[in-house]
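This report walks through one protein model.

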Amino acid sequence: TVNEIEALHELFKKLSSSIIDDGSIHKEELQLALFKTPYGENLFLDRVFDLFDEKKNGVIDFDEFIHALNVFHPHAPKEDKINFAFRLYDLRKTGFIEREEVKQMVIAIMKESEMMLSDDLLESIIDHTFIDADSDMDGRINNDEWKAFVLKHPNLLKHMTLPYLKDITTAFPSFVFNTEVED
């Protein structure tokens with residue numbers, strides 16, 4: 001609805017002016033919004049920013065912001081969420097998820113949640129992932145294998161839905177009252 005677009009535009013304006021007030025979201029601003037600090041390396045953030053920045057110009061404009069958030073909407077097709085998650089893990093953009101990419105993402109996620117795993121446990125997790133997901137046993141996970149794996153393990157998509165996007169005007173009621181357009 002118009003109210004939802006206006007609410008998202010207000011959110012975009014808030015994010016895009018949090019560090020550099022230039023009408024675009026920079027990586028540091030997205031990092032500040034997601035992790036409460038604009039500094040530090042974060043592989044997950046790098047991948048999300050890269051996927052949001054469709055024009056590959058180093059910033060996220062409003063159109064890219066809306067398009068990217070669309071996949072996180074509770075009513076977005078599961079297929080879209082699966083494809084986005086695949087692209088998130090395909091670090092080298094080869095069209096496959098390779099063992100080293102899974103390892104890098106697991107390490108990054110563990111680091112973010114301040115969990116430490118022994119090398120043996122980490123390798124065991126990756127081994128089991130590939131035993132379960134790599135059905136043709138070629139040492140990499142293709143898109144079809146990923147889809148089948150995610151359908152068996154739907155928890156992998158739990159971070160691919162932001163419930164408040166279902167009704168952003170309820171989540172950000174102040175935006176509704178400030179709207180200048182009727183639905």
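## Helix α8

Helix α8 spans residues 143–152, and its buried residues are E145, W146, F149 and V150. Buried means under 20% relative accessible area, exposed over 50%, and partly exposed in between (1.4 Å probe, protein chains only). Helices (H or I, at least four residues) and strands (E, at least two) are DSSP runs, numbered from the N terminus.

The buried residues of α8 pack against α5 (78–89), β1 (97–98), α7 (119–133) and β2 (140–141). The N-terminal end of α8 is capped by N142. A side-chain oxygen of N142 lies 3.0 Å from the backbone nitrogen of D144.

## Basis of the model

This is a predicted model: local features need pLDDT of at least 70, side-chain atom pairs count only at pLDDT 80 or more, and totals for chains, interfaces and linings use all residues. Residues are numbered from 1 along each chain as its sequence is written, and side-chain values use heavy atoms, with hydrogens and water left out.

The mean pLDDT (the predictor's confidence in each residue, from 0 to 100) is 86 for the protein chain, and 88% of its residues reach 70 or more. Over residues 169–183 the pLDDT is below 50. Beyond near neighbours in sequence, this stretch has 18 contacts in the model. Where pLDDT is low, the predicted coordinates should not be read in detail.

## The nonpolar core

A nonpolar core is a set of buried Ala, Val, Leu, Ile, Met, Phe, Trp, Tyr and Cys residues joined through side-chain atoms within 4.5 Å. The largest one holds 40 residues, of which F65 and W146 touch the most other members. Two or more residues each come from α1, α3 (43–52), α4 (62–70), α5, α6 (99–112), α7 and α8. The largest share, six residues, comes from α5.

Which residues does W146 contact, leaving aside its neighbours within four places in sequence? They are I82, A85, F86, Y89, I97, I141 and L156. Contact means heavy atoms within 4.5 Å.

## Two buried polar residues

S16 sits in helix α1 (residues 2–16). S16 is buried, with a relative accessible area of 3%. A polar atom of its side chain lies 3.3 Å from the backbone oxygen of K13. Leaving aside neighbours within four places in sequence, S16 is in contact with D21, D22, G23, S24, I25 and E29.

T129 belongs to helix α7. T129 is buried at a relative accessible area of 18%. With neighbours within four places in sequence left aside, T129 is in contact with D134 and F149.

## Positive phi in loops

Most residues other than glycine have a negative phi. K56 has a positive phi near 55° and lies in the loop between α3 and α4. M137 also has a positive phi, about 50°. M137 lies in the loop between α7 and β2 and is exposed, with a relative accessible area of 72%.

## The chain as a whole

The protein chain has ten helices and two strands. From the N terminus on, its elements run α-α-α-α-α-β-α-α-β-α-α-α. Of its 183 residues, 37% count as buried. Of the contacts with a separation of 6 or more, 51% join residues 24 or more positions apart.

Key. Polar contact = N/O pair within 3.5 Å; in protein donor to acceptor, adjacent residues only side chain to side chain.
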